[in-house]
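Hi,

Here is the structure I promised to pass on to you. Have a look at it first, and below I will go through what turned up when I looked at its charged side chains.

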Amino acid sequence: MEAITLNIPVLALRGLTVFPHMNLTFDVERRISIAALERAMETDQDIFLVTQKEIGVNAPTEADLYQVGTISHITQILRFSPTTVRVIVEGRRRARMRRLWQTEPYLQANVEILTEENPSEAFRQSPRTEALLRQTWSQFHEYAELAGNLPEEVVARVMDCRDVGFLADFIAQNVALRHTDKQEILEEMAPFIRLRKINAILARECNVLGYEREIEGKVREHLSQSQKDQILRTQIRVLQDELGEGEEDDEIETYRQKIRALELAEDVEKHLLKEVNKLSKQPFGSAESAVIRNYLDVCLEMPWNATTKERVSVDAARKVLERDHFGLEKVKERILETIAVRQMNPEGKGQIICLVGPPGVGKTSIAISVASALNRKLARLSLGGVRDEADIRGHRKTYIGAMPGRIIEAISRSGSMNPLLLLDEIDKMGNDYRGDPAAALLEVLDSEQNHSFRDHFLEIPVDLSKVMFITTANTTDTIPRPLLDRMEVIQLSSYMDEEKLQIARRHLLPKQMAEHGIKKGALRVSDDVLRAVIRDYTRESGVRLLERRLAAICRKANMRLLAGSVKRITVTEEELPVFLDCQPYPPALHTDREEVGIVNGLAWTEHGGEILEVEVNVMDGSGKLELTGNLGDVMKESVQTALSCLRSRAALLDIPADFYKTKDIHVHFPEGAVPKDGPSAGIAVATALLSALTGRKIKAGIAMTGEITLRGRVLPIGGLKEKTMAARRHGITTVLIPKDNERDLEEIDQTVRAALRFVPVESVDQVFAEVFLDPPAREEKTSVAAFAPVKRESAGDAALRQ
């Protein structure tokens with residue numbers, strides 16, 4: 001049979017498909033489509049309706065259109081505007097486009113009419129066809145129930161239809177399918193196969209609709225619950241407004257918003273939101289609500305995600321340290337080494353530094369300079385006198401007046417999670433029945449553990465690994481060993497007189513003049529005057545007393561300047577007693593005198609080095625030994641050791657063998673109000689005992705330090721640098737030190753080494769050979785008791801004078 005072809009206008013459809021024997025209404029807006037409709041109406045022609053492959057193409061070509069479409073008759077055209085018309089068409093026959101030969105002013109093509117298969121009557125009545133129809137009706141019925149928006153007449157017509165081909169086209173036309181699925185049905189010429197494809201598509205659509213209904217049910221249930229909650233909250237808000245409690249709900253929501261805005265760890269955020277939920281359930285004005293509010297306020301004040309950008313630069317740190325401090329070269333070098341490690345490895349665990357030294361040598365100010373050099377916030381904690389473990393870890397929030405510990409409080413005060421925390425006076429913590437704060441610090445100062453520090457008040461982990469800790473102490477003796485083991489100890493020694501001069505000239509004097517309102521040229525203090533103040537009016541390791549002396553000079557200068565008699569004041573050494581309103585310290589004792597039974601020992605204290613005199617008197621008696629001067633147990637044992645050493649050497653030392661039976665010996669250490677302890681005065685005690693027993697004088701200008709054994713050996717001691725500085729300050733010229741301490745001379749300042757003669761000794765025999773004058777004639781020996789007493793300044797007098 002010869003194919004029938006037509007040359008008719010073409011209308012490209014976007015997302016639509018027209019089937020034969022079906023009516024369809026749609027709007028047309030494209031110029032070429034409206035022109036095609038008008039051409040078909042003018043010539044009383046049918047129009048070829050074919051679907052575009054891509055909906056977005058505005059000017060389709062032959063490649064953009066499917067080949068199979070429907071020849072349709074235009075039933076009616078309604079014009080809404082010059083650019084929009086509504087058209088009603090009736091599909092008539094399937095056709096295939098052979099060539100699209102015109103695209104302007106409208107589409108026109110040569111199309112071939114397709115002939116559908118016409119099944120026989122026997123096939124239509126076969127059980128196979130009946131089964132297919134029943135399956136189609138069942139699938140369509142299920143689809144109609146799930147979709148719920150199909151007109152009843154459509155459903156009824158489907159259920160009454162027994163024409164296989166028409167049923168497939170009718171379902172495809174009236175069911176919401178993708179245009180690709182409809183095009184597949186349109187292109188199928190065999191009615192039986194076409195209906196089977198519709199069945200498969202309906203089965204798929206039923207599954208999709210089932211899932212959609214399930215999801216929709218869940219969404220509707222959630223929305224219903226949300227609406228219910230909203231209604232209940234609205235009712236509660238109205239009731240609270242009537243009771244005057246309306247602001248509480250806003251407060252709860254504000255807490256939630258603040259917590260979520262912090263972007264905390266999941267467990268921390270969950271814990272805080274749980275506390276907020278507790279607060280929302282508390283009755284108005286309850287005590288528990290006040291506790292929870294206080295807890296949440298403290299938690300929200302923490303700078304959880306706030307950090308300062310650290311400036312890790314050795315050169316910048318060196319400039320800051322050199323600007324703020326004079327001397328302390330080894331200390332500054334050690335701190336710069338720590339900063340260099342952080343510069344090379346910023347992610348490495350930080351060391352905990354402990355600055356140990358006498359008062360006033362600049363421990364706290366060095367920590368402040370380090371914070372400035374690293375661009376870290378500084379928070380200072382004074383641990384002196386802290387006796388309660390809760391001061392470090394905080395109190396449980398259930399207690400009345402509970403608050404977080406000092407560590408958390410300092411971080412909150414600094415406003416940063418990577419501050420520098422200065423733990424001042426860590427050696428002066430105590431402990432009692434309330435706990436040991438030093439034990440609580442073990443976790444804080446351990447870089448392996450402090451990444452999850454838990455304060456008793458917060459009850460949530462706080463990362464302290466980014467915090468830099470610097471502690472200060474005057475001595476390590478009172479710091480528990482486990483705590484000391486966690487810190488890198490840096491020793492700060494006493495200042496030399498020349499260092500004090502430079503500090504006074506560069507820092508202290510300008511500071512005091514500025515604080516007292518004195519202009520730069522109105523007060524002149526020469527270096528010689530400053531040396532005199534340091535030498536004669538201060539005896540300390542640091543510079544605090546020196547600063548007070550300079551403040552006294554500035555006050556006197558203010559009085560003279562305000563009197564109007566002078567415009568410029570020059571301070572001289574002769575006027576220092578007037579300016580300082582006190583007399584200078586008396587000259588150091590025994591520096592130029594040769595005496596019996598009195599020896600200059602050297603002691604180390606937390607304030608630096610000091611001269612420790614040892615006095616011995618020997619009297620007829622019954623062998624009693626008296627020890628006075630507020631001595632500790634170690635010092636008492638040292639005196640007993642020295643006495644036993646002399647008894648074992650009595651014959652060699654020309655001492656009566658029974659002196660311990662016939663003589664009473666009294667050993668005294670002046671300034672009895674000051675506690676004294678330690679073994680380093682051993683050789684000084686032995687020398688004083690031998691001098692008193694034999695009546696031999698000791699050379700002037702000698703001081704000594706060293707522990708003694710029963711066999712007469714001299715053992716090493718500590719604090720040699722401070723002790724030698726005290727010796728120089730008091731006018732000593734010769735210092736006896738243990739042989740094993742020779743290596744420590746390298747740490748002593750060159751000025752001190754040049755001013756003193758050091759004599760290393762290994763035994764008391766070498767000590768005695770060095771310190772005693774030649775023995776006098778036997779008849780010239782004089783009893784120790786015959787010497788006139790020497791008036792000395794007591795500790796109380798010294799305190800009053802200072």
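Please keep in mind that this is a predicted model. Let me begin with one pair of residues. Glutamate 575 is partly exposed, at 25% relative accessibility. Its salt-bridge partner is arginine 560, with 3.5 Å between the closest N and O atoms. The glutamate sits in the loop between strand 15 (569-571) and helix 21 (576-580), while arginine 560 belongs to helix 20 (residues 544-563), so the bridge ties together parts that are 15 residues apart in sequence. Arginine 560 also counts as partly exposed, at 31%.

A second pair is arginine 757 and glutamate 770, whose side chains meet in a salt bridge at 2.5 Å, N to O. Because arginine 757 is in strand 24 (residues 757-761) and glutamate 770 in helix 27 (residues 764-771), this pair ties together parts 13 residues apart in sequence. Arginine 757 is partly exposed at 42%, whereas glutamate 770 counts as buried at 19%.

Then there is glutamate 459, which bridges to lysine 397 with the closest N and O atoms 2.8 Å apart. Both residues lie in loops: glutamate 459 between strand 10 (453-454) and strand 11 (461-462), lysine 397 between helix 14 (390-393) and helix 15 (406-414), so the parts they tie together are 62 residues apart in sequence. Here lysine 397 is buried, at 13% relative accessibility, and glutamate 459 is partly exposed, at 27%.

Finally, Arg94, Glu116, Asp169 and Arg194 are linked in a network of salt bridges. Across the whole structure, the search finds 37 salt bridges.

Best wishes

Technical notes:
Residues numbered from 1 in each chain as written. Predicted model: local features only at pLDDT ≥ 70, side-chain atom pairs only at ≥ 80, totals over all residues. Heavy atoms only, no water. Salt bridge = Lys/Arg side-chain N within 4 Å of Asp/Glu carboxyl O. Helix = DSSP H or I, 4+ residues; strand = E, 2+ residues; numbered from the N terminus. Buried < 20%, exposed > 50% of the residue type's maximum accessible area, 1.4 Å probe, protein only.
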